[in-house]
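Work through the exercises below with the sequence and the model side by side. Try each task before reading its solution.

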Amino acid sequence: MMTSVDTDLIRVLADPLRLRIVTLLAHETLCTTHLVEETGAKQTNLSNHLKVLREAGVVETEPCGRFTYYRLRPEVIGALAGQFSDLAETARNTAEANLKRSCP
C-alpha cells in the first residue's frame, strides 16, 4: 500500500511565519492586528500569508465589525498528522518485514 502525505499542505506550513501563525491560532482566535503584534511581521506581509493559509483551507475567517478574525481548522492539521502517522506505521511494518529492494 502506497502512503503519501499532502505535499501542498506541507509546503504551505513549511514557511516559518505561516507555521508561527498556525501555532498562535492553535491557542486562540486572533485578528490581523493581534497577529502583527505577536509576530512582528508587516501587515501586508502577514495578510499575504493569511491568504495562503485561507486558500489552503488551514484557517477560516470570522468578520467582526471592521476586523477579521482567523481561526485554525484543527481537522486539517489532524488529517495531516494522520497522514504522517500512517506513513510512520508503513515504515515500521517495512522495517519489521525487513523489506528491501535488491540491487540489479
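Predicted model: local features only at pLDDT ≥ 70, side-chain atom pairs only at ≥ 80, totals over all residues.

Residues are numbered from 1 along each chain as its sequence is written, and side-chain values use heavy atoms, with hydrogens and water left out.

**Exercise 1. List the helices and strands, then judge the overall form of the protein chain.**

Step 1. Count the elements: the protein chain has five helices and three strands. Helices (H or I, at least four residues) and strands (E, at least two) are DSSP runs, numbered from the N terminus.

Step 2. Read along the sequence: the pattern is α-α-β-α-α-β-β-α.

Step 3. Take the radius of gyration, computed over C-alpha atoms. For the protein chain this is 18 Å, well over the 13 Å that the globule rule gives for 104 residues, so the chain is more spread out than a compact globule. The rule is 2.2 Å times the number of residues to the power 0.38.

**Exercise 2. Describe how α1 and α2 meet.**

Step 1. Locate them: α1 spans residues 7-14 and α2 spans residues 16-27.

Step 2. Compare the axes, which are lines fitted to C-alpha atoms over the stretch in contact, with angles from 0 to 180 degrees between N-to-C directions. The two axes come within 5 Å and cross at roughly 90°. α1 and α2 are therefore roughly perpendicular (65 to 115 degrees).

Step 3. Name the contact (heavy atoms within 4.5 Å). R11, V12, L13 and A14 of α1 meet P16, R18, L19 and V22 of α2.

Step 4. Sort these residues: six are nonpolar, none polar and two charged. Here Ala, Val, Leu and Pro count among the nonpolar residues, and Arg among the charged.

**Exercise 3. Work out the sheet order and find its edges.**

Step 1. The three strands form an open antiparallel sheet, ordered β1-β3-β2. Strands pair if DSSP finds at least two bridges between them.

Step 2. β1 (30-31) and β2 (59-64) each have a single partner strand, so one side of each lacks a neighbour in the sheet.

Step 3. β2 pairs with β3 (residues 67-72) over six bridges. E62 has Y69 of β3 as its bridge partner.

**Exercise 4. Is N98 buried or exposed?**

Step 1. N98 lies in the segment after α5 (74-97).

Step 2. Its relative accessibility is 56%, so N98 counts as exposed. Exposed means over 50%, buried under 20%, and partly exposed in between (1.4 Å probe, protein chains only).

Notes. Parallel < 35°, antiparallel > 145°, perpendicular 65-115°, else oblique.
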